[in-house]
Amino acid sequence: MLHIGCHLSTSSGFLHMGEDALSINADTFAFFTRNPRGGRSKEADLQDVRALIDLMDNHHFAKLVAHAPYTMNLCSNKPETSSFAIESFAKDIQTMELLPGNYLNFHPGCHMNQGAETGISMIVEALNSLLFEGMQTTILLETMAGKGTEVGRSFEELAAIRAGIRQELQPYVGICLDTCHVFDSGYDIVNNLDGVLEEFDRIIGLEHLHAIHINDSKNPFASHKDRHEKIGKGSIGLAAFERIVTHPALRGLPFILETPQDDLSGWGKEIELLRSVEN
Ligand code: FE
Ligand code: FE
Ligand code: ZN
């Protein structure tokens with residue numbers, strides 16, 4: 001069965017997100033661990049968290065794919081920005097530990113003209129200080145479109161981050177592949193999905209691929225832009241998504257829609273569409 005869901009608002013709490021997911025036939029979802037533009041997270045209500053865990057158990061949910069804020073930059077050239085990022089990431093990991101066994105995805109960062117190599121070593125250093133043996137959360141590095149100075153624009157950069165993580169902490173670090181981002185960064189998942197996945201396997205290892213962000217792209221191939229489009233309405237197109245959701249190498253992974261929709265029913269329709277091709 002296809003595990004699929006979308007990004008949901010945390011404004012009404014944890015249980016409410018589970019109910020929203022059920023209402024659109026989703027069996028996973030994403031949410032921001034705090035306001036996407038940064039800022040403080042509110043204390044999680046433990047009873048509310050428990051209620052979500054029960055709902056997920058009862059309805060056989062796949063793992064959740066929480067998202068750290070976009071503004072969190074572990075490799076900023078401004079020390080106050082990178083230290084705030086480390087502090088808030090530590091808190092977000094603690095929040096996720098309340099929901100054991102799920103994923104916390106993040107954008108590796110922007111090196112801000114310090115160069116990718118410096119960016120990668122700052123990210124590695126931060127992760128080596130943040131992760132701990134026995135943690136119940138797996139953090140996911142997201143594949144990026146290569147806009148501006150984004151780190152993570154290539155499989156090589158992501159592999160370099162993983163390789164820098166201390167051996168005993170590496171099991172807690174995986175990858176989330178964003179279809180819009182990889183297409184924008186120049187991986188042709190439309191005409192050569194098998195080739196891209198083989199390349200991923202060779203450079204990173206498919207066993208480290210834990211989740212998919214499933215988005216069409218408003219821009220042409222290799223545009224390095226990162227503008228998401230509704231499924232089938234962009235330059236990736238429905239036929240490619242049919243191959244993606246049915247690809248044996250991706251079977252069983254949670255698929256998260258981050259498409260521009262006005263309300264839940266829009267994602268409900270995309271879920272219905274993608275479930276129909278998978279059956
Ligand atoms: Fe993202
Ligand atoms: Fe994404
Ligand atoms: Zn994006």
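Student: What should I know before I start?

Tutor: This is a predicted model, in which local features need pLDDT of at least 70 and side-chain atom pairs count only at pLDDT 80 or more, while totals for chains, interfaces and linings use all residues. Residues are numbered from 1 along each chain as its sequence is written, chains are lettered from A and ligands numbered from 1 in the order in which they are written, and side-chain values use heavy atoms, with hydrogens and water left out.

Student: Which residues are the protein donors of the zinc ion (ligand 3)?

Tutor: Start with the term. Donors are N, O and S atoms within 2.8 Å of the metal (3.2 Å for Na, K and Ca); water is not among the atoms, so sites may look incomplete. Here the zinc ion (ligand 3) has H181 (NE2), D226 (OD) and H228 (NE2) as protein donors, 1.9 to 2.2 Å away. Their spacing in sequence is H-x44-D-x1-H.

Student: Are D226 and H228 buried or exposed?

Tutor: Buried means under 20%, exposed over 50%, and partly exposed in between (1.4 Å probe, protein chains only). D226 has 15% relative accessibility, so D226 counts as buried. H228 has a relative accessible area of 19%, so H228 is buried too.

Student: How far apart are the zinc ion (ligand 3) and the iron ion (ligand 1)?

Tutor: They are 5.3 Å apart. The protein donors of the iron ion (ligand 1) are H67 (NE2), H107 (NE2) and E142 (OE), at 2.1 to 2.2 Å. In sequence these donor residues follow the spacing H-x39-H-x34-E.

Student: Where in the chain do H67 and E142 lie?

Tutor: First, the elements. Helices (H or I, at least four residues) and strands (E, at least two) are DSSP runs, numbered from the N terminus. H67 is in strand β2 (residues 65-67) and E142 is in strand β5 (residues 138-142), so the pair links distant parts of the chain, 75 residues apart. H67 is buried because its relative accessible area is 1%. E142, at 0% relative accessibility, counts as buried.

Student: Which residue coordinates both the iron ion (ligand 1) and the iron ion (ligand 2)?

Tutor: E142 coordinates both, and the two ions are 3.1 Å apart.

Student: Now helices. At what angle do helix α5 and helix α7 pack?

Tutor: Axes are lines fitted to C-alpha atoms, for helices over the stretch in contact, and angles run from 0 to 180 degrees between N-to-C directions. Helix α5 (residues 155-164) and helix α7 (residues 193-203) pack at about 25 degrees, with axes 9 Å apart. Angles under 35 degrees count as roughly parallel, over 145 as roughly antiparallel, 65 to 115 as roughly perpendicular and the rest as oblique. Therefore α5 and α7 are roughly parallel to each other.

Student: Which residues make the contact of α5 with α7?

Tutor: Contact means heavy atoms within 4.5 Å. From α5 come F155, E156 and A159, and from α7 come V196, E199, F200 and I203. Sort them by class. Ala, Val, Leu, Ile, Met, Phe, Trp, Tyr, Cys and Pro count as nonpolar, Asp, Glu, Lys and Arg as charged, and the others, Gly among them, as polar. This contact has five nonpolar, no polar and two charged residues.

Student: How does α4 pack on α5?

Tutor: Helix α4 (residues 116-130) meets α5 at an angle of about 40 degrees, with the axes 9 Å apart. That makes α4 oblique to α5. The contact involves A116, I120, I123, V124, L127 and N128 of α4, with E157, A160, I161 and G164 of α5. Its classes are seven nonpolar, two polar and one charged.

Student: Which residues of α5 are buried?

Tutor: They are F155, E157, L158, A159, I161 and R162. These buried residues pack against α4, β5, β6 (150-151), β7 (173-178), α6 (179-185) and α7.

Student: Is R251 buried or exposed?

Tutor: R251 is exposed, because its relative accessible area is 59%. R251 lies in the loop between α8 (238-246) and β11 (254-257).

Student: What does M56 touch?

Tutor: M56 lies in helix α2. Leaving out residues up to four places away in sequence, M56 touches F61, A62, L64 and N102. M56 is buried, with a relative accessible area of 9%.
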